[in-house]
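I am opening a notebook on a structure that is new to me, and I will write down what I look up as I go.

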Amino acid sequence: MTPRSTPGQRTVASRPPQPPRTRFTSRAGILLLVVLVLGVSYASSLRAYLDQRATIEETKAQIAKSEKAIAELEREKRRWSDEAYVKAQARQHLGYLMPGETGYQVLDENGEPLDSVAELADPDEVIKEKPVAWWETVWTSVELAGNPPPARSTAPRIIDGVKKSEQEKQ
């Protein structure tokens, strides 16, 4: 007997089995292509950014080097504005003398002049300690007068750089 269909019923026809569908669709291909293009674009942009950062660092190093050279030249300019330095350079390089001075040249055994080892110091390096203002010294004296240090129980062993036993001998 064959199944009959009734007016409200549907019959299901049997389909032949289909092969499993691949998961790679055209949408996935387009999405993969867009992601690859964006990745390449960002990679080139990142490389350009890193190249620019390296250039900026090199430029900053050049600027620092130039500023150091400028500071050195300004220091040299200040030295040449010092009259004593100019006189010393004239004496050293040109052999100039002040009026009334007698010049002597020391010669070695071959008759060649010996070089001078004495040089004029840089004015910036002469005074290394910051000078104390006179009113700070006075104020320290006033504070010391108001609060004297406690009395020592023993006398100091060294007075003005001389030991006590040497003072007794004198």
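Why are arginine 75 and glutamate 72 separated by about one helical turn? I found that they are three residues apart in helix 1, and therefore about one turn lies between them; helices here are DSSP runs of H or I with at least four residues, numbered from the N terminus.

I noted that this is a predicted model, in which local features need pLDDT of at least 70 and side-chain atom pairs count only at pLDDT 80 or more, while totals for chains, interfaces and linings use all residues. Residues are numbered from 1 along each chain as its sequence is written, and side-chain values use heavy atoms, with hydrogens and water left out.

I then looked up the salt bridges (a side-chain nitrogen of Lys or Arg within 4 Å of a carboxyl oxygen of Asp or Glu), and the count came to four. One of them joins arginine 75 and glutamate 72 at 2.9 Å, N to O, and another joins arginine 53 and glutamate 57, whose closest N and O atoms are 3.9 Å apart. In helix 2, glutamate 83 and lysine 87 lie four residues apart and meet in a salt bridge of 3.3 Å.

Next I turned to aspartate 122, which sits in the loop between helix 2 (83-94) and helix 3 (123-126). Leaving aside residues up to four places away in sequence, I saw that aspartate 122 touches Arg75 and Arg79, where contact means heavy atoms within 4.5 Å. The C-alpha atoms of aspartate 122 and glutamate 76 are 9.0 Å apart, although 46 residues separate the two along the chain.

Methods. Helix = DSSP H or I, 4+ residues; strand = E, 2+ residues; numbered from the N terminus.
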